[in-house]
Each structure stands twice: as structure tokens, then as C-alpha cells.
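Visitor: I would like to go through this model with you. Could we begin with a single residue and work outwards?
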Amino acid sequence: DLPSFLGYSLAFLGNLGSHHDQEEAILFPRLSPKVPAIADRHKEHEILHGYMDTFKAWLEGVRDGKETWDVAKFEALLKPVKETVIPHVTAEEQNIFPETLKGTGFTQEEAK
């Protein structure tokens, strides 16, 4: 049913946003001095959050009765999120794999 689907969609966006907030607060500051590509991941977060904020506002509007449900609009708002997050995750994983970090000079102590 629509209310459950809207709740699921909002929970997904909330979890993704929280995940990024934790990366920005904890992981990226530690990695960025030795992994310059982290700056690109940060920029992607900013772009992605713009799309997510627009999507979230519309979903909340539908949930609250201020907007009308429209599957085409849902798909249109999801598209830039999907098209940004998939390559972002692929690139991010390459930046934080242990094999990549070994080549940066990170010590085991720094990785803790």
C-alpha cells in the first residue's frame, strides 16, 4: 500500500543520508590526507544530497496530502539519485579497499 511504500522510501533516503553523514564525520577526514580521491566522493555526496532532498520533500508532501502520488514523478525523482549513487559507490569502494589503502602508506595503527 502507498503509505508503507512512502515510509520505506523515506527510510531508505534517511539511511543513505545518515550513512553519508557518518562517512563525512568519521571516515573521510581520516582518509583524505592520503587518498586525494576522497574529495571527489565528498563532492558526489553534496550533489546526491541535493537530489535526495528534493525527492524526500516530494515524498513527504505525498505522505502529508500536499502532493499527489504520481509514479512517473517518483521515477523521475529517483533517476538522478540512482544515476549518482551507483557510480559513487563503485568509486568509493575502490578508494577504501584495503589493497588501495596499503598503497597510500596508511599504517595499521592509522586504520584503527
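Guide: Glutamate 60 counts as partly exposed because its relative accessibility is 26%; buried means under 20% relative accessible area, exposed over 50%, and partly exposed in between, with a 1.4 Å probe and protein chains only. This is a predicted model, in which local features need pLDDT of at least 70 and side-chain atom pairs count only at pLDDT 80 or more, while totals for chains, interfaces and linings use all residues. Residues are numbered from 1 along each chain as its sequence is written, and side-chain values use heavy atoms, with hydrogens and water left out.

Visitor: Which side chain does glutamate 60 meet in a salt bridge?
Guide: The partner is lysine 56, at 3.7 Å from N to O. A salt bridge here is a side-chain nitrogen of Lys or Arg within 4 Å of a carboxyl oxygen of Asp or Glu. Lysine 56 is partly exposed too, its relative accessible area being 39%.

Visitor: Where do glutamate 60 and lysine 56 lie?
Guide: Both are in helix H2, four residues apart, about one turn of the helix. Helices are DSSP runs of H or I with at least four residues, strands are runs of E with at least two, and both are numbered from the N terminus. An α-helix has 3.6 residues a turn, so residues three or four places apart point the same way.

Visitor: How many salt bridges does a search of the whole structure find?
Guide: The search finds four. Among them is the pair of arginine 41 and glutamate 44, with the closest N and O atoms 2.9 Å apart. These two residues are separated by about one helical turn, because they are three residues apart in H2.

Visitor: Are arginine 41 and glutamate 44 buried or exposed?
Guide: Both are buried. The buried residues of H2 also include His45, His49, Phe55 and Trp58, and the buried set packs against H1 and H3, where contact means heavy atoms within 4.5 Å.

Visitor: What is the span of H2, and what follows it?
Guide: The end C-alpha atoms of H2 are 36 Å apart, which agrees with the 38 Å that its 26 residues should span at 1.5 Å a residue. The expected span is 1.5 Å times one less than the number of residues. After H2 comes glycine 65, with a positive phi near 80 degrees.

Visitor: Turning to H3, which residue caps its N-terminal end?
Guide: Aspartate 70 does, through a side-chain oxygen 2.9 Å from the backbone nitrogen of alanine 72. H3 itself covers residues 71-96 and reaches 36 Å from its first C-alpha to its last, close to the expected 38 Å.

Visitor: Where is the kink in H3?
Guide: The kink lies at leucine 78, shortly before proline 80, and is about 30 degrees. The bend at a residue is the angle between axes fitted to the seven residues ending there and the seven starting there.

Visitor: Which salt bridge does lysine 79 form?
Guide: Lysine 79 pairs with glutamate 83, the closest N and O atoms being 3.9 Å apart. The two lie in H3, four residues apart. Lysine 79 counts as partly exposed at 45% relative accessibility, and glutamate 83 is partly exposed at 47%.

Visitor: And which H3 residues are buried, and what do they pack against?
Guide: Among the buried residues of H3 are Phe74, Val81, His88 and Glu92. The buried residues of H3 pack against helix H1 (2-31), helix H2 (38-63) and helix H4 (98-102).

Visitor: Now H1, please. Where does it bend?
Guide: H1 bends by about 45 degrees at glutamate 24. Its end C-alpha atoms are 41 Å apart, in agreement with the 44 Å that its 30 residues should span. The buried residues of H1 include Ser9, His20, Glu23 and Phe28, and the buried set packs against H2, H3 and H4.

Visitor: What is serine 9 in contact with?
Guide: Leaving aside neighbours within four places in sequence, serine 9 is in contact with Leu59 and Phe74. Serine 9 is buried, with a relative accessible area of 7%.

Visitor: Lastly, which domain does UniProt place at residues 11-98?
Guide: The unreviewed UniProt entry gives "domain: Hemerythrin-like" there; UniProt positions are in the numbering used here, feature names are shortened, and annotations may be inferred rather than shown by experiment. Over residues 11-98 the chain is 84% helix and 0% strand, with end C-alpha atoms 30 Å apart.

Methods
A polar contact is a pair of N or O atoms within 3.5 Å; within protein, one must be able to donate a hydrogen and the other to accept it, and residues adjacent in sequence count only if both atoms are side-chain atoms.
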